[in-house]
Amino acid sequence: MSLPPLSINLSLPDKSAMTVCTSLAAALGVKRISIDSVTLKKAGEDPELVSSIVKAADQHKITFFDAHAPHGLGDSLGNPLPGGLEHSNEVMLQSLHTAADMGVKGL
């Protein structure tokens, strides 16, 4: 019996663990990863991290199908704090660009 390809939500916020995580995920049959909010935010702050994540995923034939934008009082859309709306808009725009750089495609 053959199992279907798996899709998972995975945190890859650090270059040292990334190769191990993608290798283990691939060995378990993972083909698609949804990028978690922590990884997306850190990758948005570090272009080298984006390259490392994409390279590790490509090496194991894993694609990114979705991403969860950073969230919380300071980052969520509709931030009620002074200057919060501008900040949250910047966070969301950066998240969209980072997700696109990682190969996430819109529907």
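**A conversation about the core and its surroundings**

Trainee: Which residues is Phe 64 in contact with, leaving aside its neighbours within four places in sequence?

Mentor: In this predicted model, Phe 64 is in contact with Leu 12, Ile 33, Ile 35, Ile 53, Ala 57, Met 102, Gly 103 and Val 104, once neighbours within four places in sequence are left aside.

Trainee: And which residues of the largest nonpolar core touch the most other members?

Mentor: That core has 19 residues, and those touching the most other members are Leu 12, Met 18, Ile 33, Ile 35, Ile 53, Phe 64 and Met 102. At least two core residues come from each of helix H1 (15–27), strand S2 (30–35), helix H2 (37–45) and helix H3 (47–59). H3 gives the largest share, with 5 residues.

Trainee: What do nonpolar side chains tend to do in soluble globular proteins?

Mentor: They tend to be buried together.

Trainee: Changing topic, is Ser 88 buried or exposed?

Mentor: Ser 88 counts as buried because its relative accessibility is 0%. Its place is in helix H4, residues 84–101. Not counting residues up to four places away in sequence, Ser 88 touches Asp 75, Ser 76, Leu 77, Gly 78 and Asn 79.

Trainee: What lies over the face of Phe 65?

Mentor: Arg 32 does, at 4.0 Å from the ring centre.

Trainee: How many helices and strands are there in the chain?

Mentor: The chain has 4 helices and 3 strands, and from the N terminus on they run β-α-β-α-α-β-α.

Trainee: How much of the chain do buried residues make up?

Mentor: Of its 107 residues, 32% are buried. The accessible surface comes to about 6700 Å², and 62% of that belongs to carbon and sulfur atoms.

How values were computed
Residues are numbered from 1 along each chain as its sequence is written. This is a predicted model: local features need pLDDT of at least 70, side-chain atom pairs count only at pLDDT 80 or more; totals for chains, interfaces and linings use all residues. Side-chain values use heavy atoms; hydrogens and water are left out. A charge sits over a ring if NZ of Lys or CZ of Arg is within 6 Å of the ring centre and within 35 degrees of the ring normal. A nonpolar core is a set of buried Ala, Val, Leu, Ile, Met, Phe, Trp, Tyr and Cys residues joined through side-chain atoms within 4.5 Å. Buried means under 20% relative accessible area, exposed over 50%, partly exposed in between (1.4 Å probe, protein chains only). Contact means heavy atoms within 4.5 Å. Accessible areas come from the Shrake-Rupley method with a 1.4 Å probe; for residues, only the protein chains shown count as cover.
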